[in-house]
2 protein chains.
Amino acid sequence: MKINYYMPAQIVAGDNCVRDNAALMRALGDKAFIITGSGSAKKNGSLDDSLAALSANKQSCTLFDKALPNPSIEDAYGAAEELKRSGCDFVLAIGGGSSIDLGKAAAVLACNDLTPETLFSTPLKKVLPIAAVPTTAGTGSEATNYSILTNTVTESKSSITSPLIIPRLGFLDARYTYNLGYNTTVNTALDALSHSVESLLSIKSSPFTEGLALSGIRIFRECLPALQNGRSAIIEPAVREKLLLAAAIGGMVIANTGTIIVHGMGYSLTYFKHIDHGRANGLLLGSYLDFVSKKDPAKIEPILKAMGAQSVGDFEAALNSLLGVREKLSEDEIKDFAVRAGRVLHLKVTAVPPGIPDMEAIYRRAVGGA
Amino acid sequence: MKINYYMPAQIVAGDNCVRDNAALMRALGDKAFIITGSGSAKKNGSLDDSLAALSANKQSCTLFDKALPNPSIEDAYGAAEELKRSGCDFVLAIGGGSSIDLGKAAAVLACNDLTPETLFSTPLKKVLPIAAVPTTAGTGSEATNYSILTNTVTESKSSITSPLIIPRLGFLDARYTYNLGYNTTVNTALDALSHSVESLLSIKSSPFTEGLALSGIRIFRECLPALQNGRSAIIEPAVREKLLLAAAIGGMVIANTGTIIVHGMGYSLTYFKHIDHGRANGLLLGSYLDFVSKKDPAKIEPILKAMGAQSVGDFEAALNSLLGVREKLSEDEIKDFAVRAGRVLHLKVTAVPPGIPDMEAIYRRAVGGA
């Protein structure tokens, strides 16, 4: 068994962890380029805490607060230009996966002369150090080696992939997530769950990632009753904290195993149908597990067990309680998306790879019937 | 919940992983100080593979092959002197936990001016980079932040503890362990198991370490039938590989949680009674779990489940099948050792800490009756 497990991100978690662990950020540089969105980091306290931590370290900073959801390649070049102009020597990304992924891409482009054509394929030798403060509990980008950008040429998402873009530090303070809306909470939780589940079904799964991923699924299961209630207001701090841990775990495992065809199939739902990324994975996950259960049932046993499910049906019922009314695709869309999914790199690490007709069936079962 | 999870060691595993991943070692420096014992690394192929990898990288080296079991503080200073004289800029430790721990201590002393009095308490700022090639499957030192040295002043073991001594690279090639004798195989496996179990019972346990630790216990369980057979010859390569993974996992988790009172109590068995370190933990583990089961039974449920045990009795029966005839202590020894264990730092992270009379009872149950 060939294994290469590497997860150098230091993860600190707990209320006030940014200020309490400010000193850890000292080693990253003298001047931080803070990348965040225009609004939430200011409201949820994460920006204030970060500024206080930098100030305690006598580090200066430049604030770039123009990160948008689903950052594009163009956005990355734009942020990198400002980063270079600022003279900052490290990146502090605050926000959801979009802000963190944009921060990583800017950290890459600030010290590598790459074109959009070479950006996704050139092995990197140097990247500015990155710290991440997630304010959603989903992508796990604070612990991944991916920066995922919207690619209008391929009409999908493309990843910069390098161990050098794994953040040196991830600060998990659940207080920043207390006011997330219900849909965001559920969709990001589904994304995190999908990362752990997909990791277990990757050919790169190892006892290292397996243990972590099962822990991620168990945490999701513990949060399920609160999520099923249907209102954000009653999601307790303890549940918010668990969701944030599950998301980081999801990131740690996919950094080592990659995501599989569920993500590969989901990208078209997001790109063409504007279905939220996490929700797209949630919509497809049960149908893919159903497919696997017919090909190699032993593979999904530990997943079901960790989820407390007796069967794939149980597993799906749990997800259905969060997904509500499913979007519906036409047969033409299903055929088109299946062909597109047949081209994604995710297929190469998928332990039980579906063919094009299988993927049509998975789409049909998950979101067919328009 | 305050968590600080950090495990920067890159773990590569598989037959021939040292030569196949030689390039990873390039970043460590120009000249390797190889620390190993006098014999086994030459016989099991690990030294040859390491020399070939260095040569492929055009890195030079100095060979220090005088590492002994249970290295002392004096041994560490001796190795550090030779390391300094050699002008090497990184350490490549090959062998069991003793060689790796000695290598770490030398890497510390080569660039820190510390006395035996300050060695264990001074926060470190710089340590030479370390790579580790374990040739036993036990301590997990390839992934820990500990260098454990025999301390004749305290009549126990003392640890240099720093994230900077976590090896940058751990190479797990099970072929180096094929010819280990039965007792070494069992004792080191018991050590690895104890690391994962103790980690789960540390106050520092988190979902990150918990997932890994349960994976470590499950792997041990898979290896149990082969270990129970009682002969090294029939331990298959696939089992050897699993044991090596379980050991690395044990290291990864205790680097974050510490070991608990089981290790703290075991040190006297090793120091005064010359009982092998791993065996000492194996002797005490069941009795400690029995103690916990009476105080906080929920804490041991996941451990028993991962081990496939219905009860602590089942768990102990599994260990008994490996331990054979237990050593016996006198009542005076038990009383003395319990007092000594009452002073160990391990008590501070033990989630269910025993008092002195409890520890007497644990010793008595495990190794009483002389």
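Colleague: On what basis are the values given?

Modeller: In this predicted model, local features need pLDDT of at least 70 and side-chain atom pairs count only at pLDDT 80 or more, while totals for chains, interfaces and linings use all residues. Residues are numbered from 1 along each chain as its sequence is written, chains are lettered from A in the order in which they are written, and side-chain values use heavy atoms, without hydrogens and water.

Colleague: At what angle do helix α4 and helix α5 of chain A pack?

Modeller: Two packed helices are described by the angle between their axes and the distance between the axes. Here α4 (residues 73-86) and α5 (residues 97-109) of chain A pack at about 60°, with axes 8 Å apart.

Colleague: Which residues of α4(A) and α5(A) make the contact?

Modeller: Contact means heavy atoms within 4.5 Å. Among the residues involved are Tyr77(A) and Leu83(A) of α4(A), and Leu102(A) and Leu109(A) of α5(A).

Colleague: How is chain A related to chain B?

Modeller: Two copies of a chain are related by a rotation about an axis and a shift along it. A rotation of 180° with 0.0 Å of shift superposes chain A on chain B, with RMSD 0.0 Å (least squares on C-alpha atoms of residues with pLDDT of at least 70 in both). That is the relation of a two-fold axis.

Colleague: How many residues of each chain are in contact?

Modeller: In chain A, 31 residues are in contact with 31 residues of chain B.

How values were computed. Axes fitted to C-alpha atoms, helices over the stretch in contact; angles between N-to-C directions. Helix = DSSP H or I, 4+ residues; strand = E, 2+ residues; numbered from the N terminus.
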